[in-house]
Amino acid sequence: MTLWQQYIKPKTLAEAMDAFATAPRPLLPIAGGTDLLLDLEQGRHSPVQTLVDVTAVAEMTLIEIRDDQLFIGAAVSVNRVALDPLTVRHAEALTEACDLIAGPQVRNVATLGGNVAHALPAADGTIALLALDSYAEIVGIDDPMAILGNGDSAKLHRFHRLLPLKDLFLGPGKSSIKHGEELIVGFQISLSKPHQASCFKRIMRPQGVALPILNCSVWLERENGLIKDIRIAVGPGGGTPFRATQAEDVLRGRSLTKSTFESALDALLAQAQFRTSARRAGADYRRHIVSGLFRDVIESAWMRAEGKTTETRRH
Amino acid sequence: MTNQISLTVNGIQHTLEARANETLSDLLRYRLRLTGTKIGCDEAECGACTVLVDGEPVVSCIYPAERAEGKTVVTIEGLGNEFTAKHAKNAKELEKKEERRKNLSDTSIKLSASLRALSGLNALHPLQEAFVEHGAVQCGFCIPGQIMTAYALLERNPNPTRDEVRFALKDTLCRCAGYPTIENAILAAAESLRTGEPVRKPNIPDSIHVHQSVGHTHRRPDGIEKVNGQAIYTDDLVFDNMLFAKVKRAMIPHGFLKRLDVSKAKELKGVVAILTAEDIPAERNHGLIVYDWPVMVGVGERVRYVGDAIALVAAETLEIANQASALIEAEFDLQPVITNPVMAREDGVPQIHEKGNLLKHIKVRKGDMEKGFAESDVILEHTFHTPTYDHAFIEPECSIGVPLPDGRMEIYCGSQIPYQDRTQVARVMGWDESRVRVVGQLMGGGFGGKEDVMGQIHVAMLADVTKRPVKLLFDRHESLLVHPKRHATQIRIKIGAKKDGRIMASESELYGDTGAYASLGEKVMTRATTHSAGPYDVPNVRADCYAMYTNNPPAGAFRGFGVTQSAFAVESMMDMLAEKLNIEPVELRRINALHVGSITNTGQELRESVGLMECIDKVSSAMCQVSGLSEKDLFKPRVVSDVDEVDLTAKHAKRKEERRKNLSGLRGLSGSNYLVRAWGFAAAYKNTGLGGGAPDISNAEVELYDNGMFEVRSSSAEMGQGLVTVMRLTVAEEMSVPPEQVNVLVMDTDLTPNGGPTTASRQTFVTGNASRYAAKTLRDAITATLAEKYDVKPEQIRFENGIVHANGHSMTYAEVAKEMKAMGQHPRALYEYEAPKTQPLGTGGDMHFAFSFGVQAAEVEVNKLTGEVRVLRVISANDVGMAVNPLGLQGQVEGGVMMGLGNAITEEFLMDNGYVVSDRLARYRIPGIMLTPEITSIIVEHPTAAGPYGAKGVGEICSIPTTPAITNAIYNAVGVRVDKLPVDQESIAREIWEREEK
Ligand SMILES: Cc1cc2nc3c(=O)[nH]c(=O)nc-3n(C[C@H](O)[C@H](O)[C@H](O)COP(=O)(O)OP(=O)(O)OC[C@H]3O[C@@H](n4cnc5c(N)ncnc54)[C@H](O)[C@@H]3O)c2cc1C
Ligand code: FES
Ligand code: FES
């Protein structure tokens with residue numbers, strides 16, 4: 001089968017939007033292709049006319065600080081995300097998640113944008129981004145500058161839509177990004193302040209599909225021995241990447257002790273909708289093991305936040 | 001509008017027209033003919049296709065070629081140059097190589113592939129050097145990916161830790177699984193790169209029965225070509241005017257083919273031929289023993305599994321062949337599906353074959369069961385289940401049929417039994433066998449999975465009709481669907497013993513799922529049955545096995561040959577018995593171990609070469625030594641604080657530190673420690689050779705060339721296991737020459753004599769012997785000639801260090817060759833070796849001419865909360881008679897442990913009502929380097945008189961006890977008995993939490 005006919009490699013966002021507007025359809029953006037090409041090859045996605053490769057789009061391959069935000073381009077490889085000093089400093093959970101994805105030869109091509117756009121409820125990068133309360137910058141061909149095709153990117157910038165990550169997901173494998181019409185340009189994360197820290201861990205099984213059976217990420221801020229603020233993400237805890245907001249409410253303003261942890265765990269279990277996925281994990285098994293995973297993750301974040309100053313801890 | 005792709009590959013700039021749909025691996029392999037980059041899966045799972053793009057390792061199989069525009073690519077072929085360019089300071093080393101190259105090309109007329117590779121190439125990168133030197137190269141198929149990934153690591157990190165090496169190689173799979181040697185090779189290369197010193201040699205003990213050549217560590221003859229990308233596997237071959245084939249498969253598990261319409265496919269431009277069952281020239285079925293497997297299923301005939309072929313397409317391109325195949329319309333009358341062997345034996349179920357669903361009822365009878373159980377103080381009974389497994393060799397099957405002008409047909413393929421392939425092709429074509437030449441190619445792993453014909457017959461048919469060469473390459477998907485697997489089994493064992501531990505009776509009932517066709521099912525299940533009482537001296541034995549046809553993919557040979565399954569059952573049973581009797585597991589095995597003088601359950605008296613007790617003792621003391629525990633504490637659970645946890649990620653040290661802090665600060669939250677460790681123990685034995693009365697014959701030929709080089713030839717298969725090294729060492733030994741003076745040629749039915757099937761751990765024994773005796777025969781001929789010429793007694797002719805001495809004359813072998821020819825003799829000898837006769841099962845005689853013994857201990861760590869299991873250490877002792885090739889043996893032992901670990905922990909070929917779920921490598925997981933435990937190999941050498949220098953088989957025994965050692969360790973750690981493979985962490989966790997809730 002011919003999976004694609006034409007391959008376009010825009011260098012700027014404007015060029016990419018131009019391609020979106022004019023190239024023969026069906027059309028899809030391709031980043032690393034580690035999900036998409038397999039979907040095409042294995043018939044889960046029908047062949048397309050055009051692939052628009054976003055990995056050379058300048059605006060999408062940056063990691064930089066913009067005001068009080070860290071910007072991570074959607075087309076940055078997960079390997080770079082895992083190793084970049086800026087992510088290491090401001091988004092530790094994300095680096096841990098990206099570090100765990102596949103081997104280096106896949107990590108060097110797989111992108112963070114692709115991980116999110118694929119919209120699986122337990123994608124590792126997604127779960128970490130969720131705990132980090134990131135926002136996705138989205139641009140589409142409906143945006144006036146994009147249609148002009150010659151807009152310089154500074155102007156184009158203004159037409160970006162900014163969406164809290166959790167609003168991006170509609171269901172398993174379904175996102176609110178209009179396929180073939182919109183692109184995730186990148187992600188924004190608030191810069192890390194003293195006594196804020198994050199952590200990501202997961203549990204795998206050695207057989208069958210290479211997806212985690214459970215992953216968890218926690219971001220928290222510690223003040224005077226109390227949890228000033230906290231965000232907890234668990235995958236798969238429902239049809240879309242899941243934030244354990246009720247457990248967050250339990251913990252906010254309290255110290256991390258055995259009893260507060262247990263109340264938080266109860267809240268998490270009450271809110272999460274663990275399901276049985278055939279050949280991967282039963283719902284009751286997930287409910288059972290989440291306690292240990294959640295505990296490990298929150299404990300690490302808690303300890304990191306205590307020790308954490310504004311100094312970079314690595315490199 | 002077509003784009004151009006300009007890219008630099010290995011320092012050379014290329015500008016090519018962009019093609020739709022093209023990946024970088026296709027561009028490299030098919031357009032630039034850089035075939036060192038391998039395709040194992042085409043789905044980003046295996047890492048074999050790893051190349052560097054702008055210095056970063058990437059999987060080229062899913063890397064769109066057009067993305068490489070403007071980039072710099074380095075492949076395995078470019079690594080040597082890359083190194084030379086960068087490290088000119090190693091010029092001296094280069095000079096040495098150059099010198100060696102010259103010497104070689106002076107001396108050899110007919111350069112072997114490896115010499116050719118050496119002479120045609122520049123320097124090797126130290127990584128390449130180290131991979132050869134350390135024996136990290138087995139079948140070689142994954143090696144380019146391993147080396148490229150390692151290269152990228154060393155470029156970034158010249159001094160990596162072991163953990164960092166593992167983390168980098170995490171998803172670069174090796175099924176020969178010499179992961180520890182791969183790791184060592186990389187560390188040795190890193191050291192060499194840092195210091196500028198030559199690559200440090202591995203530290204592998206010689207055989208205790210060491211000779212001049214045999215018993216020492218030597219490089220593989222095909223090592224260099226396998227590390228520099230020059231090694232040619234079938235898919236690397238291209239013939240002029242070649243067509244591409246695709247097989248249309250039924251894709252339903254059971255039914256009758258009602259209608260088949262190929263008309264639309266025929267109309268497609270570029271389609272050259274479409275064949276159906278009507279076009280089969282002669283014999284309609286193929287098979288290894290039973291001819292029950294249709295070459296194609298015709299209209300009105302029965303489809304028995306999803307992989308059944310219903311039509312063949314040959315087209316100008318693979319893409320057209322695939323399209324045509326999709327256009328073929330088929331309708332089936334679906335039938336109820338037989339999904340397992342127990343169901344297959346039930347009354348009233350559909351009968352898949354004319355003679356019914358029973359392939360064979362296999363029986364073992366010894367002594368008096370009633371008496372045995374009556375004399376027992378304790379009787380235990382338990383049923384075990386093992387699933388289907390796939391060989392998952394990294395090289396998928398490929399065959400090429402090439403019609404010759406004289407009407408003959410050449411078949412290029414990777415085959416474990418070239419002469420059988422020839423027979424099977426000839427039968428179906430209705431030809432005399434001599435019309436077919438099978439030219440076996442390097443094989444990227446076999447493990448039993450390349451014994452049955454896969455594409456050989458199909459390409460012969462297509463090539464015959466089109467009069468053009470035809471290539472049929474399976475993708476991973478097709479490979480997983482079609483080729484025979486390891487039998488799924490249900491095994492019930494009832495065992496009776498005295499209080500003192502003596503086993504009095506063992507009864508077993510086995511069901512084996514042989515799938516749609518017989519393949520080697522009967523033989524495999526016979527081995528499972530005869531070995532189902534374990535390597536023990538049991539006076540009363542009764543075993544019944546039902547090898548059943550089902551609608552699953554066929555099952556056949558797979559390393560371990562049925563014994564893997566029964567060893568899991570019986571060794572689990574042994575531990576259950578030990579617990580019941582309150583005897584230490586090791587002690588119970590000592591009490592019952594087979595020894596010289598024992599009678600096996602098939603009535604064979606063991607007269608020599610039974611190293612089981614030594615294996616038991618050595619493993620037992622090694623366990624105590626590495627763990628610092630006493631024998632009685634080994635099998636008790638030990639709670640470890642998770643601070644001790646060996647975290648295998650790159651950030652290991654940091655995380656460990658963090659955990660330490662956490663624990664001290666937050667003990668309350670951490671709760672009790674939930675990581676528990678314990679050891680487990682298991683023993684096994686496995687026959688060497690075909691046995692059961694089958695004549696076990698191998699032929700080898702040795703020839704001396706004018707330049708003094710020898711060549712040894714046999715059709716036996718080299719699939720990575722190292723037979724070529726054994727053949728080379730054997731001839732070197734007999735002729736008293738350095739091994740490098742012996743070339744090896746294998747797997748060609750025109751050029752090499754029949755070595756028989758490469759199965760049943762037989763080749764070191766039979767082809768080792770055939771090579772040895774052929775060399776001896778040649779030496780005798782030389783002796784006789786020279787004795788006559790110089791008029792001395794034959795005893796006065798001496799062979800020493802490559803020189804032949806006769807009565808004061810000293811001659812090189814080049815001179816000897818001339819001398820022989822001058823006397824009208826051709827310096828060549830063919831030897832047909834026949835192993836000692838064996839007897840069929842049930843006759844009570846010697847069913848096998850030799851047995852290998854193996855004992856393993858595994859230390860596991862179980863997470864009581866999640867049920868996760870990690871294997872930390874494995875100690876493996878194998879009685880192999882004599883270690884002819886210690887370096888190869890090391891690779892076999894490590895690979896065997898890893899395959900056993902996969903069998904226990906990671907692998908399960910999933911099916912759903914006859915449909916294959918594990919139809920991609922992503923759904924059939926083989927162990928990667930991260931799961932590799934610390935492996936200690938102990939070689940035990942109780943020579944067997946008839947074996948070459950005392951050697952017997954090793955390929956299988958080293959893989960058999962791993963699984964039960966692991967599952968026994970799990971029981972010892974957390975009290976959960978795994979009786980169904982693979983180990984399921986969820987069930988373990990569930991059993992623990994249910995127990996604790998009570
Ligand atoms: C061997 C292997 C192991 C893996 N292990 C893991 C793992 O452990 N954890 C894990 O989470 N994942 C894992 N993955 C999955 C995969 O690597 C990730 O999901 C990856 O991050 C996807 O990124 P990509 O760039 O390859 O996306 P692509 O395949 O290029 O794209 C995925 C989808 O997103 C769309 N898309 C891509 N970029 C954008 C964008 N910027 N804007 C809008 N739409 C876009 C594409 O059109 C496509 O529909 C693994 C994959 C492989 C092959
Ligand atoms: S990863 Fe590319 S061939 Fe397997
Ligand atoms: S050497 Fe690695 S797969 Fe054979």
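The dialogue below takes up the domain interface of chain A.

A: This is a predicted model, in which local features need pLDDT of at least 70 and side-chain atom pairs count only at pLDDT 80 or more, while totals for chains, interfaces and linings use all residues. Residues are numbered from 1 along each chain as its sequence is written, and side-chain values use heavy atoms, without hydrogens and water.

Q: Which domains does the assignment give for chain A?
A: Domain bounds come from an automatic or database domain assignment. Here chain A has domain 1 (6-190) and domain 2 (196-305), with C-alpha centres 26 Å apart.

Q: How many residues of the two domains are in contact?
A: Contact means heavy atoms within 4.5 Å. In chain A, 22 residues of domain 1 touch 22 residues of domain 2.

Q: What area is buried between domain 1 and domain 2 of chain A?
A: Buried area is the accessible area (1.4 Å probe) that two parts lose on being put together, summed over both. The value here is about 1,900 Å², and carbon and sulfur atoms give 63% of that. Pro121(A), Ile127(A) and Ala131(A) supply 27% of the area that domain 1 of chain A buries against domain 2 of chain A, more than any other three residues.

Q: How many salt bridges does the rule find across this interface?
A: A salt bridge is a side-chain nitrogen of Lys or Arg within 4 Å of a carboxyl oxygen of Asp or Glu. Three salt bridges cross between domain 1 and domain 2 of chain A. In the model, Arg304(A) and Glu96(A) also form a side-chain salt bridge, at 2.6 Å from N to O.

Terms used:
Chains are lettered from A and ligands numbered from 1 in the order in which they are written.
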